[in-house]
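Biologist: Could you zoom in on one part of this model for me and tell me what goes on there? Please keep it friendly, I'm new to this.

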Amino acid sequence: MRFVCLIYNSADVDGRQTVAETEAVVRAHFGFDEDLRDRGTLIHADALETPDKAVVLRVRNNEISMTDGPYVETKEHLAGLYVIDASDMSEAIAIAAGIPCARIGTVEVRPVRILPLLE
């Protein structure tokens, strides 16, 4: 069963860590990624750029509307994600608890919904 683990970093912490602290978290993620690959659990993982590099878009009545970055002030922002394979939510939570950013931010674990193609 696939699960997505969405990593949220606090605006209070993100960008305020020292270079050494940031490097330690990145190294921890690389080690965690390698462990998940070795276990056959990792499907995909990526870090995301900061919200100031994002574009929010909507399409209404075939018209595209865009704004730079998040349109509301947030205390946490989506910083990265993992897509993992786990037998159930309990196993997914156990895996997600090992995500290094869970110690400084928040991780949302959500089952991936497989949508059937209706004929």
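Modeller: First, a pocket here is an open set of points on a 1 Å grid over the protein atoms alone, where a 1.4 Å probe fits, with protein on both sides within 12 Å along at least five of seven lines. Its volume is the space filled by probe spheres set on the points, which are joined across faces, edges and corners. Keep in mind that this is a predicted model: local features need pLDDT of at least 70 and side-chain atom pairs pLDDT 80 or more, while totals for chains, interfaces and linings use all residues. Residues are numbered from 1 along each chain as its sequence is written, and side-chain values use heavy atoms, leaving out hydrogens and water.

Now, the largest pocket holds about 550 Å³ of space. Its lining (residues with an atom within 4 Å of a point) counts 26 residues, and V26, H29, A47, A79 and C101 sit nearest the centre. Two or more lining residues come from each of strand 1 (2-10), helix 1, strand 2 (42-47) and strand 5. These elements are DSSP runs numbered from the N terminus: helices are H or I with at least four residues, strands E with at least two. Helix 1 is the top contributor to that lining, giving six residues.

So let's stay with helix 1. With 21 residues, helix 1 reaches 30 Å from first C-alpha to last, close to the 30 Å expected at 1.5 Å a residue (1.5 Å times one less than the number of residues). V25, H29, F32, D33 and L36 are its buried residues (under 20% relative accessible area with a 1.4 Å probe, protein chains only; exposed is over 50%). They span an arc of only 105 degrees around the axis, so they share one side of helix 1; the arc is taken from the directions of the C-beta atoms. The face turned away from that buried side carries exposed V19, A20, R27, F30, R37 and D38.

F32 is in helix 1 (residues 19-39) and Y82 in strand 5 (residues 76-85), so the pair ties together parts 50 residues apart in sequence. F32 has a relative accessible area of 11%, and Y82 is buried as well, at 4%.
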